[in-house]
Amino acid sequence: LRFVDQPPVSAAKQGRVLLLEGIEKAERNVLPTLNNLLENREMALEDRTFLIAPERAAELESAQGHIAVSEAFQVIAIGNPSRGNP
């Protein structure tokens, strides 16, 4: 079984800009996961590893399965506030 990183995970690991276009169309169950990555810099991944904030990564340096989110990671969200899921 091979896990492939989706764009938010790849951007967080590599310190890239993640552009979320049409954020108002996102499914309701996606937003809490994205919110945790954006606010806390944390996300549990399906391969049983865990993205964590860079400052926490320094504390947990010896822990297996923890991957630091790059400090260069940024998100731009674009949406139309008058449309979206009811």
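I looked up Arg 56 and Glu 42 and found that their side chains meet in a salt bridge (2.4 Å, N to O); the term requires a side-chain nitrogen of Lys or Arg within 4 Å of a carboxyl oxygen of Asp or Glu. Arg 56 belongs to helix α3 (residues 54–59) and Glu 42 to the loop between α2 and β2, so the pair ties together parts 14 residues apart in sequence. Helices (H or I, at least four residues) and strands (E, at least two) are DSSP runs, numbered from the N terminus.

I noted that the model is predicted: local features need pLDDT of at least 70, side-chain atom pairs count only at pLDDT 80 or more, and totals for chains, interfaces and linings use all residues. Residues are numbered from 1 along each chain as its sequence is written, and side-chain values use heavy atoms, with hydrogens and water left out.

I then checked accessibility, where buried means under 20% relative accessible area, exposed over 50% and partly exposed in between (1.4 Å probe, protein chains only). Glu 42 is buried at 16%, whereas Arg 56 is partly exposed at 34%.

I counted two salt bridges by this rule. Asp 5 and Lys 13 form one, at 2.8 Å, N to O. Asp 5 is partly exposed at 35%, and Lys 13 is partly exposed at 28%.

Leu 34 is buried, with a relative accessible area of 10%. Leaving aside residues up to four places away in sequence, Leu 34 touches Pro 8, Leu 20 and Ile 23; contact means heavy atoms within 4.5 Å.
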